[in-house]
Amino acid sequence: MSSAVPFFAASLPTASAEADRLLDPDELEAALRNIGARRYHNLHPFHRLLHGGRLNQDQVRAWALNRYYYQAMIPVKDASIIARMEDASLRRIWRQRIVDHDGEVEGDGGIERWLKLTDSLGFSRAYVISTKGILPATRFAVEAYVHFVRERSLLEAIASSLTEMFAPKIISERVAGMLGAYDFVSKDTLAYFDKRMTQAPRDADFALAYVKAHAMTPSLQAQALGALSFKCDVLWSQLDALHHAYVDPGLPPPGAWTPGGEAIA
């Protein structure tokens, strides 16, 4: 991953309409959840096509290939957050996220389960892991997220993870829709999502409690709300790129994986 700061870093959100008064903890939680209700990527047209069984196999392949980069960088993002934590008790809790994705041993963990999905879709592991075929926008969005958690406050870094509050709904829709519509996926190949149904709520509960306890001024609350909005933008922009490249108008940029091209057996 490049160490360069994204050119748009200076414009990352720092304020919201809530900044003029201090919200009580329940109001803050409601404001955070409202961001998800309006901006989470389950609302994106690409996901509606995916869950509704209206994508072809190559379009599903493109989604899985690009999403791998996001999955692979989650432990990098979380390691950056841990490096910011001076409290050992916080580090012990947060490091479980890295274990969940990297696994305790070789062949375990969420990244391995995602690779089993891309295996089943015909990609070679070497090609997926190389990330040679991902869209430029995928790379830019994911790296912007990693930069965000490194450069913003610990509160903002933790708040940005709160998209996990909305994950169980999208996962249940995704698994049911894909199993019902696509004969080229199975419950085994979608096993990544089984674990996330319990991991994501656990992680979200901890992060939400942290944000509610530490966002103690209108300015800090605005930063937390802005961080969650930014993370929703990261996820949404990845789907914008997929939709443009593989659905409408269906023009993958130079260097990106092309249906019928490299790495499909």
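Helices (H or I, at least four residues) and strands (E, at least two) are DSSP runs, numbered from the N terminus. The model on screen is predicted, so local features need pLDDT of at least 70 and side-chain atom pairs count only at pLDDT 80 or more, whereas totals for chains, interfaces and linings use all residues. Residues are numbered from 1 along each chain as its sequence is written, and side-chain values use heavy atoms, with hydrogens and water left out.

**First stop: the largest cavity**

A cavity is a set of points, on a 1 Å grid over the protein atoms alone, where a 1.4 Å probe fits but cannot get out, and its lining residues have an atom within 4 Å of a point. Searching the whole structure gives four cavities of 30 Å³ or more, a volume being the space filled by probe spheres set on the points, which are joined across faces, edges and corners. Select Arg67, Tyr70, Glu164, Ala167 and Arg196, which among the 22 lining residues are the closest to the centre of the largest cavity, whose volume is about 270 Å³. Then colour α3 (57-84), α4 (88-102), α9 (167-181), α10 (191-214) and α11 (218-246), each of which supplies at least two residues of this lining. By class, the lining holds eleven nonpolar, four polar and seven charged residues, where Ala, Val, Leu, Ile, Met, Phe, Trp, Tyr, Cys and Pro count as nonpolar, Asp, Glu, Lys and Arg as charged, and the others, Gly among them, as polar.

**Second stop: the second largest cavity**

Next select His41, His47, Trp63, Asn66, Arg67, Thr138, Leu235, Gln238, Leu239 and Leu242, which line the second largest cavity, a space of about 90 Å³. Helix α11 gives the largest share of this lining, four residues, and the classes are four nonpolar, five polar and one charged.

Move to the loop between α1 (25-39) and α2 (45-51), where Asn42 is placed. Asn42 has a relative accessible area of 15% and is therefore buried (under 20%; exposed is over 50%, partly exposed in between, with a 1.4 Å probe and protein chains only). Beyond its neighbours within four places in sequence, Asn42 is in contact (heavy atoms within 4.5 Å) with His47, Arg48, Lys169, Ile170 and Glu173.

**Last stop: α10**

Finally, show α10 and centre on Met197, where the helix bends by about 35°, with a proline, Pro201, following within four residues; the bend is the angle between axes fitted to the seven residues ending there and the seven starting there. The buried residues of α10 include Tyr192, Phe193, Arg196 and Gln199.

Terms used:
1 Å grid on protein atoms, 1.4 Å probe; cavity = no way out; pocket = protein on both sides within 12 Å on 5 of 7 lines; lining within 4 Å.
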